[in-house]
Amino acid sequence: MTTEHVTIYTDGGCDPNPGIGGWAAILLDAQKRETVLSGADPHTTNNRMELTAAIEALRALKAPATVDLYTDSTYLMKGITEWMPKWLAKNWRGSSGPVLNVDLWQRLLAETARHKINWHWVKGHAGNRYNQRVDALVHAARRSLTGK
């Protein structure tokens with residue numbers, strides 16, 4: 001059985017942090033057709049928005065897929081690729097106590113189970129066109145709440 005290949009770019013942020021946040025994702029199918037997702041939260045953190053972007057992007061996939069997911073968040077990248085096995089082995093405890101944002105990490109873990117995901121870190125604000133677009137979408141989502 002073959003699965004569809006999807007490329008995803010995600011971003012999230014707040015200003016101030018914590019404060020009004022936004023998240024965004026661009027999904028590109030094998031034919032480079034785009035699906036754009038975004039949202040906002042009046043009381044959140046940067047890290048929660050980064051996680052939400054990845055969760056919502058993966059949730060939007062109707063069937064299991066092979067995914068290349070790009071993020072500029074080291075928190076998201078290291079959390080899912082390095083820290084997760086230790087957190088699970090310690091019942092959601094990290095080196096300094098309970099894992100923060102455990103509700104979202106659990107949702108992300110559930111979404112990742114459906115797909116084969118290759119995680120990629122991309123330097124933010126460094127000229128990657130899709131990273132720049134999701135960043136702009138995050139700001140637009142935040143403005144939708146502030147009117148500014």
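Colleague: What share of the 148 residues of the protein chain counts as buried?

Modeller: This is a predicted model, in which local features need pLDDT of at least 70 and side-chain atom pairs count only at pLDDT 80 or more, while totals for chains, interfaces and linings use all residues. Residues are numbered from 1 along each chain as its sequence is written, and side-chain values use heavy atoms, with hydrogens and water left out. Buried means under 20% relative accessible area, exposed over 50%, and partly exposed in between, with a 1.4 Å probe and protein chains only. By that rule, the buried share of the 148 residues is 45%.

Colleague: In what order do the elements of the protein chain run from the N terminus on?

Modeller: Helices (H or I, at least four residues) and strands (E, at least two) are DSSP runs, numbered from the N terminus. The protein chain holds four helices and seven strands. Read from the N terminus, their order is β-β-β-α-β-α-β-β-α-β-α.

Colleague: What is the radius of gyration of the protein chain?

Modeller: This value is taken over C-alpha atoms, and the globule rule used beside it is 2.2 Å times the number of residues to the power 0.38. For 148 residues the rule gives 15 Å, and the chain comes close to that, so it is as compact as a globular protein of that length. The radius of gyration of the protein chain is 15 Å.

Colleague: How many bridges pair β2 with strand β3?

Modeller: Two strands pair if DSSP finds at least two bridges between them. Strand β2 (residues 19-28) pairs in the antiparallel sense with β1 (residues 4-14) over eight bridges, and there L28 of β2 is the bridge partner of T7. On the β3 side (residues 34-44), where G21 has D41 as its bridge partner, the pairing is again described as antiparallel. The number of bridges between β2 and β3 is nine.

Colleague: How many of the ten residues of strand β2 are buried?

Modeller: β2 forms a hairpin with β1, with four residues between them, and another with β3, with five residues between them. The strand is mostly covered, and the number of its ten residues that are buried is nine.

Colleague: Which peptide bond has omega near -5 degrees?

Modeller: The loop between β1 and β2 contains P16 and also P18. A cis peptide bond joins N17 and P18, with omega about 0 degrees. The bond with omega near -5 degrees, which is cis too, runs from D15 to P16.

Colleague: Which elements do the buried residues of α3 pack against?

Modeller: In helix α3 (residues 102-112), the buried residues are L104, W105, L108, E111 and T112. Seen down the axis of α3, they fall within an arc of 120 degrees (taken from the directions from the helix axis to the C-beta atoms), so they line one face of the helix. An α-helix has 3.6 residues a turn, so residues three or four places apart point the same way. The elements that the buried residues of α3 pack against are α1 (46-59), α2 (74-89) and β7 (116-121).

Colleague: At what relative accessibility does W92 count as buried?

Modeller: W92 lies in the loop between α2 and β5 (93-94). Its phi is near 65 degrees, a positive value in a residue other than glycine. W92 counts as buried because its relative accessibility is 14%.

How values were computed: Contact = heavy atoms within 4.5 Å.
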